[in-house]
Amino acid sequence: MSYAFSYFIPTRVFFGRDCLNNNYATLSGLGEKALIISGRKSAKACGAYDEIVEVLNKLNIESVLYDQVEENPSFSSVQKVVEFGLENDADFVIGIGGGSPIDAAKAVAVLIANPFMKIEELFDGDFDIALPIVAIPTTSGTGSEVTEFSVLNSPENRKKSFKSDVIFPDISFIDPKYTLDLPTELTITTACDALSHSIEGSLSLKSTILTDLYAAKAIELIKENLPKLVNSSLVLSEEERYECRQALSLASMLGGMVISQTGTVLPHSFGYNMTTFYGIRHGVATIIFLPSVLRKAERTNPEKLRVFKESFKSVDKFDDFLEKLGVYKNIPKLSEKDLVDFSQFVAKSMHVSVTPGNITYEDIISIYKEVCG
Ligand code: NAP
Ligand code: ZN
C-alpha cells in the first residue's frame, strides 16, 4: 500500500467558541468594503451577523448586506447579488449561513472580480481571480467553508457545481454556537450531508491516507453525537449540547476537507434530482442512496468500506441508524419518466468514474428503483 498523496487547502481556519471575536484582526487587509451575503433570517437570529458587523466597525471596514439568498441558490439570485455588490463597490465578500449563502458568495466573488463574465461561464472554469472570500457557517453539513466548490441551481432546475482554487475561502470562522438553535430537521439533514461527504470520500477512488483519517474521525463524531442531539436534546445540559454541536461542526469541516481532495461520489449525483424536483433537502436527498452504493461497492471493492466499517460495522447497521433518524420518511415514488430522466443525468455525471464498482446505466436505474420505486 502506498501512502503517496497531494493535499491542498489554502483556507485559514479558526474553529471554536468566539473564534471570530478572538481573531477578527485577520480580516484587516482583505478589503475596504465587505459585501455580506446571507439567507433571510438565520444569520441575524444566530448572532453571526451582529458579531461580524461589530468587528468590521472596529477595523473601520464598511459593509453592505444582501440577505435574500434562498436555499439551493439560483443563477438569477446570484446575478442580483453581483449587481448589488457592483453598485456598492464591495471589494470582498463574507458568506454567512448554510451552504447556500456561502456558495452564492463564492460565485459572486468570481463574477465581481471578472465583470465581463456570464454566470454560465463559471462552469467552464476559465477564470483565475476572485474577490477575497470569508465564510461563516451557521449549519454543520456542507463543509463549504473549506472547499473549492460552489453548487448553484440552473434555470433548467438542475444543480450545477463549479470548482476552482480561487473560491477556497481565504478565512473561515467556524463557531459551533451559531448552530445551537438549528431545528432538528435541519440538524439531521445537514449532519447527513457531512456524513455522506465523509463516507463517500472514503469510498472514492481518489481517497488518500489523509482523507481517510479525516473521514474516519468525522464519521465517528456524527455517529456518536447526532443521535444524542436528536433523541435526548431536552435532557442534555447546556455544556453537553454545545459539545454535541461542536462535534458536528468539526465533522462538517473534516467532511469538507475530505471532499476538497476526493470530490463526492454517486449518492450526491442521485440526490441532486431529488432536491431540485422533489424539494428534499440536500443531506437527506443524498444519504438515502448511500446504503445501495455501499452494498454495490462491497461486492466489487470490499476494501473501500474499511473506514466506514470502523464505525458502522455493516451496511445493515448503517441502514438501521438512518431509519432511526427518519430519513426514509416521505421518499417519493418516481414515475417511469423521472426514473429514466434522472438516471440519464446521473450516468453523465463525473461522479460515476470515481465511484468503485464500474457503475453502469442499469446499476443507476436499479438503485433509483430500489430507493424510490
Ligand atoms: P442552506 O440551504 O444554506 O440553508 C437551509 C436552511 O437552514 C435555510 O432555511 C436557513 O435559513 C436555515 N439555517 C441556516 N443556519 C441556521 C441556523 N443556525 N439556525 C436555524 N436555521 C438555519 O443549508 P445547507 O444544508 O447548509 O446548504 C445546502 C446547500 O449547500 C445546497 O445548495 C448544497 O448543494 C450545497 N452544498 C455545497 C457544498 C460545497 O462544497 N460547496 C457541499 C455540499 C452541499 P436562512 O435562509 O434564514 O439562512
Ligand atoms: Zn453534500
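Predicted model: local features only at pLDDT ≥ 70, side-chain atom pairs only at ≥ 80, totals over all residues.
I count a residue as near a molecule if its C-beta atom, placed from the backbone, lies within 6 Å of it. With that I looked up the ligand: 32 residues surround ligand 1, and the closest are G39, S42, G98, G99 and S100. α2 (42-45), α5 (99-113), β6 (149-153) and α6 (184-203) are the elements giving two or more residues to this shell; helices (H or I, at least four residues) and strands (E, at least two) are DSSP runs, numbered from the N terminus.

Residues are numbered from 1 along each chain as its sequence is written, with chains lettered from A and ligands numbered from 1 in the order in which they are written.

Next, the domains. I found domain 1 (12-178) and domain 2 (182-372), with bounds from an automatic or database domain assignment. The shell around ligand 1 draws at least three residues from each of them. Their C-alpha centres lie 25 Å apart.

Last, the sheet. I read an open sheet of six strands in the order β1-β8-β5-β4-β2-β3, with parallel pairing; strands pair if DSSP finds at least two bridges between them. β1 (12-15) and β3 (62-66) are at the edges with a single partner strand each, so one side of each has no neighbour in the sheet. Further in, I checked β5 (residues 133-137) and β8 (residues 171-174), which pair in the parallel sense over two bridges. There V134 stands opposite I171 in β8.
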